[in-house]
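Trainee: I would like to learn how to read a protein model. Where do I start?

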Amino acid sequence: MSTAVIGMIAGMALGFAGYFGGFGAFLLVAALGAIGFVVGRFLEGDLDVGDFFRTRHDRRR
């Protein structure tokens, strides 16, 4: 599945949540989607836990 299709599905889910559940549901779906994205990247190995705790100065090295 391409990135564009995944983005379209995520956008449709946010749209439905915003339309049927209001702004609070929109924010909840967006937050859970962001958490799921980060967990997915972590499980694929594209993201390291240490990336969240390094300072900007340490990343340049």
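Predicted model: local features only at pLDDT ≥ 70, side-chain atom pairs only at ≥ 80, totals over all residues.

Trainee: How many helices and strands does the protein have?

Mentor: It has two helices and zero strands. Helix 1 covers residues 3–44, and helix 2 covers residues 56–59.

Trainee: Why does the protein count as more spread out than a compact globule?

Mentor: The radius of gyration is compared with the value that the globule rule gives for the chain length. Here the radius of gyration is 15 Å, well over the 10 Å of the rule for 61 residues, so the protein is more spread out than a compact globule. The C-alpha trace spans about 45 × 30 × 20 Å along its principal axes.

Trainee: What share of the residues counts as buried?

Mentor: A residue is called buried if its relative accessible area is under 20%, and exposed if that area is over 50%. Of the 61 residues of the protein, 2% count as buried. The protein exposes about 5,200 Å², and carbon and sulfur atoms supply 69% of that area.

Trainee: Is F37 buried or exposed?

Mentor: F37 sits in helix 1. Its relative accessible area is 52%, so F37 is exposed. L43 is also placed in helix 1, and at 68% relative accessibility L43 counts as exposed. For V49, look at the loop between helix 1 and helix 2. V49 has a relative accessible area of 40% and is therefore partly exposed.

Trainee: Which residues form the nonpolar patch on the surface?

Mentor: F37, L43 and V49 are among them, and so are L28, L32, I35, F42 and F53. Together the residues of the patch have about 1,200 Å² of accessible area.

Trainee: What describes a pair of aromatic rings?

Mentor: Such a pair is described by the distance of the centres and the angle of the planes. A search of the whole structure finds three aromatic pairs. One of them is F16 with F20, a stacked pair with 6.0 Å centre to centre and 10° between the planes. F16 and F20 are four residues apart in helix 1, so about one helical turn separates them.

Trainee: Which pair is edge-to-face?

Mentor: Y19 and F20 form such a pair, at 4.9 Å centre to centre and 85° between the planes. Both Y19 and F20 are exposed, and F20 has a relative accessible area of 62%. F16, Y19 and F20 form one aromatic cluster.

Trainee: Which residues does the UniProt annotation "transmembrane region" cover?

Mentor: An annotation comes from a record, and it can be compared with the model. The unreviewed UniProt entry gives residues 12–39 as "transmembrane region". In the model, residues 12–39 are 100% helix and 0% strand, and the end C-alpha atoms of the span lie 21 Å apart.

How values were computed:
Residues numbered from 1 in each chain as written. Heavy atoms only, no water. Patch = residues over 30% accessible without salt bridge, like charges linked within 9 Å, V, L, I, M, F, W, Y side chains within 5 Å. Areas by Shrake-Rupley, 256 points an atom, 1.4 Å probe, with all protein chains shown as cover. Salt bridge = Lys/Arg side-chain N within 4 Å of Asp/Glu carboxyl O. Buried < 20%, exposed > 50% of the residue type's maximum accessible area, 1.4 Å probe, protein only. Phe/Tyr/Trp six-rings, centres within 6.5 Å; stacked < 30°, edge-to-face > 60°. UniProt positions renumbered as here; feature names shortened; annotations may be inferred. Rg over C-alpha atoms; globule rule 2.2 N^0.38 Å.
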